[in-house]
Protein chains: 2
Amino acid sequence: MEPTVIEQAPDAARKRGGRVARRELRSHGQQGHGRPYILRGIPTYDIMSEENLLRIEATADRILAEIGIEFRDDPVALDHWKRAGAKIEGDLVKFEPGMLREILKTAPAQFTQHARNPNNSVLIGGKSVVFSPAYGSPFVMDIDKGRRYGTIEDFQNFVKLAQSSPWLHHSGGTICEPVDVPVNKRHLDMVYSHIKYSDRGFMGSVTAESRAEDSIDMTRIVFGEKFVDENCVILGNVNVNSPLVWDATMTTALRAYARANQAAVVVPFILGGAMGPVTNAGAIAQSLAETMAGCALTQLERPGAPVIFGNFLSSMSLRSGSPTFGTPEPAIGSMVIGQLARRLNLPLRCSGNFTTSKLPDAQAMNEGTMSMLAAVHCGANFILHSAGFLDGLLSMSYEKFVMDMDFCGALHTYLDGVKVDDNQLALEAFQEVGPGSHFFGCGHTMANYETAFWDTEVADNEPFEKWEAAGSEDAAIRANKRWKKMLAEYQPPPLDAGTDEALRDFMDRKKAAMADAWY
Amino acid sequence: MEPTVIEQAPDAARKRGGRVARRELRSHGQQGHGRPYILRGIPTYDIMSEENLLRIEATADRILAEIGIEFRDDPVALDHWKRAGAKIEGDLVKFEPGMLREILKTAPAQFTQHARNPNNSVLIGGKSVVFSPAYGSPFVMDIDKGRRYGTIEDFQNFVKLAQSSPWLHHSGGTICEPVDVPVNKRHLDMVYSHIKYSDRGFMGSVTAESRAEDSIDMTRIVFGEKFVDENCVILGNVNVNSPLVWDATMTTALRAYARANQAAVVVPFILGGAMGPVTNAGAIAQSLAETMAGCALTQLERPGAPVIFGNFLSSMSLRSGSPTFGTPEPAIGSMVIGQLARRLNLPLRCSGNFTTSKLPDAQAMNEGTMSMLAAVHCGANFILHSAGFLDGLLSMSYEKFVMDMDFCGALHTYLDGVKVDDNQLALEAFQEVGPGSHFFGCGHTMANYETAFWDTEVADNEPFEKWEAAGSEDAAIRANKRWKKMLAEYQPPPLDAGTDEALRDFMDRKKAAMADAWY
């Protein structure tokens, strides 16, 4: 059952690039695949001076040394810290400046998350960019039926839509909460759905240590125990209970992933003014302190375990107290987070396609686009919430999922940057065309047009009259048609029957061993 | 009638910043003013290596030297080139490498465009960012009445809306075509409307040399002849007839502005695959060649005249042949254009809020936001098309105008970057709050909350239930209400009665001297 693992060489990844895939898509009229992940062709956008980065790092160090972080109800974590030389005062742990950076030296700068289809394995770190769906909404939405609680059917629909898109690279985790499944058994159905309906990488449960272990056990059925012990095949997204608290649910899950050599994504969720200060520099310093502590704990559990430096900055409306998403402060703050993560030499998860809009409308894509561009500019390697995020993360939207996937496609082209070679410079085209003519049929155009420009499947570029004659549809209506078409045409990736049976058997046994719990 | 001219010192501009204005806005409940312009607090986003920039410049030099640019029907322009040492072959002008760069050395790296209210004068160049409305649409749209031809009333409405916004800095030019006014007299009504209904900087006509001169003459009535001869008070946006042709309408208008010491904005409009090659690097090289030639011509007409290096890259749908706007290739290409302009030490106009959507919907703001962020990242100093652009520039949208102005507001905060000082780092807040508490009422929050976060006037950040109870409005509906409210509350800026009379008298005389022409 051990899969053939092909290390994704960067050049190979580029050669199988989106343009080729798009050309295939055009010629064959079917869903092609883009790239397993992006290798950015443009530099990161570094906005902060060395001097100011040092001041933020010094503030994080003082928070860690003078105020400290509480690790609640996890004696193993406290014991790790004690042995590492931290100062323990009850649950409160204080860290000498430099101590966490030293511990973090064993964490890999990049690693591969293996998918069950090895062509879909993703590199996380360095120049890689991996797009993963939104995560964690209790509700789902579409423009036909409006907002309602998510179900396992919705969950599977989103897994299928993601799998059908050439522009996402990852199946995500809790794409939406399947509230029709008991809380204590949900993780089994979610992990199974990711494995069954997708052949890309995915994320497991973190809501209890046992659920994290179940998630990892299911990957052992797919990949084999030895392979899992030696390679990353699953991620777990763990949140700090900001400010400055790690609770046992999260630290035990984090340690479960690290212990199994799987990657924890360590993410403070800081709404400025609530779980952090209202000033950006302070929230960034806090985020740095909290994330370094979580990442370092993975290394104490198992030195060398992969870990992702995560971040979720947000702001709030100071008139209403409501959280805001997709606003300018977190967007620009992401650039600084990126610089700080690179100074630690850790892979980065940052930002995403955030919005508070309750519809897939102009607000949704204005906020989402600013936020998503921040993610790719700041150098994020793993971009959770790349598609579907609406309603301040309370709802997963079918239409926005489609719009965002299309935007992820555009970002493949964007991140290629501007290539410079003789063909791209096109001097021969100017020589052929000369002043006052046009380039429609010239040799250079004919040789390049098929791969020339990003080709959207959602935006409408037709002239007004043609668009009007076709029904004056807005983007949400087009996206609505598209997700239905994608679901109708979805093809499940092959899954070995024995593996499938073993997974089902595991689930059945686990479910039978517990009474349903709904909280 | 000579206005008191206060040079806008950068520090003063920053102190009158958007946050103060926003606080005033909140306290007084009325339209405040932002800043006369932005001085960016973040660096530009430079994506291309020195080596590749040199290759693009070398290609532009070869286009200029080997293929040349036609200057049609303007013997004065040809005479300028001849005296400057270019090689003339009929209308075709060829330039030795380095010649245009040498001529461009007399052009200022930055200049002030004076507004009739000196508080609204804008710096163009260096770290400045000036937001100006969209330009040139024959149609206007709103969600009540759909698309129809623009009128002078629409034109004035947009001038009033721009003037009412604290987040635009400029009144623009041909905000929409007032098709109910004869073609040969429109420019008079447009320039008058900018002066009458706004007290910000604006742009004049370029559709004929005489109309350019009329536009400038009207500024002489406002500012005085001597002041206009010594200072920039009006811009003229001139387009290259790409590929590689300058026609007399444009070069005579360009020379009229330069002769009067006013600033031409020199803009090739290159749709890749039509007026330029389908490859980005080639289109950029072409744009560089065409723009350098136009900018240099202003310096031959009057050395030292202000001029703006402009650019309008776009792509096309190679399936339908339709132009596309807000796509990834022009967005990333803008970063390179920015680097090239800075190497010439010229102020930059680049990108804007572009889209092909026919509605103020998700597509409009996805494309617009990517495109607009490219403008601010690439270092554009004068951003035409900052608000209202829809329908591939064929329509000016009332609702998108409002959405875009709000986004321009967000960009004020974004371009401030992340400030680092003791208050921003907030160590005292962490000391006060400690682990596991919240920052709602802490001293640091109380001291900073009023100025903490960007405060939108269009996006809805309320919880779903509250939003639903208020009518489930999308962003377009909210924007529709907002432009009506803004127009209803519009207050005209004071205009000296004698100046107003002199302007009207000038218009009346000019109009009486010509029969109406409708083409």
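## Salt bridges within the chains

The side chains of Glu462(B) and Lys466(B) meet in a salt bridge with an N to O distance of 3.4 Å; the term covers a side-chain nitrogen of Lys or Arg within 4 Å of a carboxyl oxygen of Asp or Glu. Glu462(B) is partly exposed, with a relative accessible area of 25%. Here buried means under 20% relative accessible area, exposed over 50%, and partly exposed in between, with a 1.4 Å probe and protein chains only. Salt bridges that share partners join Asp74(A), Glu209(A), Glu213(A), Arg255(A), Arg259(A) and Glu301(A) into one network. Over all chains the count is 76 salt bridges. The model is a predicted one, in which local features need pLDDT of at least 70 and side-chain atom pairs count only at pLDDT 80 or more, while totals for chains, interfaces and linings use all residues. Side-chain values use heavy atoms, with hydrogens and water left out; residues are numbered from 1 along each chain as its sequence is written, and chains are lettered from A and ligands numbered from 1 in the order in which they are written.

Two further pairs sit within single helices. Arg62(B) forms a salt bridge with Glu66(B), the closest N and O atoms being 2.7 Å apart. These two are separated by about one helical turn, because they are four residues apart in helix α3 (residues 50-67) of chain B. Arg62(B) is partly exposed at 40% relative accessibility, and Glu66(B) is partly exposed at 40%. Asp217(A) and Arg220(A) are joined by a salt bridge of 2.8 Å, N to O. Both lie in helix α8 (residues 209-223) of chain A, three residues apart, about one turn of the helix. Asp217(A) is partly exposed at 27% relative accessibility, and Arg220(A) is partly exposed at 26%.

Chain B and chain A bury about 9400 Å² between them, 68% of it on carbon and sulfur atoms. Buried area is the accessible area (1.4 Å probe) that two parts lose on being put together, summed over both. Tyr45(B), Val418(B) and Phe453(B) supply 8% of the area that chain B buries against chain A, more than any other three residues. The contact, meaning heavy atoms within 4.5 Å, takes 118 residues from chain B and 118 residues from chain A.

Six salt bridges are counted between chain B and chain A. One of them pairs Arg147(A) with Glu465(B), where the closest N and O atoms are 2.8 Å apart. On the side of chain B that touches chain A, helix α13 (residues 362-377) gives the most, with nine residues. The residues of that side divide into 56 nonpolar, 37 polar and 25 charged. Ala, Val, Leu, Ile, Met, Phe, Trp, Tyr, Cys and Pro count as nonpolar, Asp, Glu, Lys and Arg as charged, and the others, Gly among them, as polar.

## Chain A as a whole

Chain A has 20 helices and 18 strands, taken as DSSP runs (H or I of at least four residues for helices, E of at least two for strands) and numbered from the N terminus. Its radius of gyration is 23 Å, close to the 24 Å that the globule rule gives for 519 residues, so chain A is as compact as a globular protein of that length. The radius is taken over C-alpha atoms, and the rule is 2.2 Å times the number of residues to the power 0.38. Of the 519 residues of chain A, 67% count as buried.

Thr251(A) is found in helix α10 (residues 248-259) of chain A and is buried, with a relative accessible area of 1%. Leaving out residues up to four places away in sequence, Thr251(A) touches Phe71(A), Asp74(A), Trp246(A) and Leu297(A).

Ser215(B) lies in helix α8 (residues 209-223) of chain B and counts as buried at 0% relative accessibility.

## Backbone features

The peptide bond from Ser242(A) to Pro243(A) is cis, with omega near 0 degrees. A cis peptide bond also joins Ser242(B) and Pro243(B), with omega about 5 degrees.

His385(B) has a positive phi of about 65 degrees although it is not a glycine, and it is buried at 3% relative accessible area.
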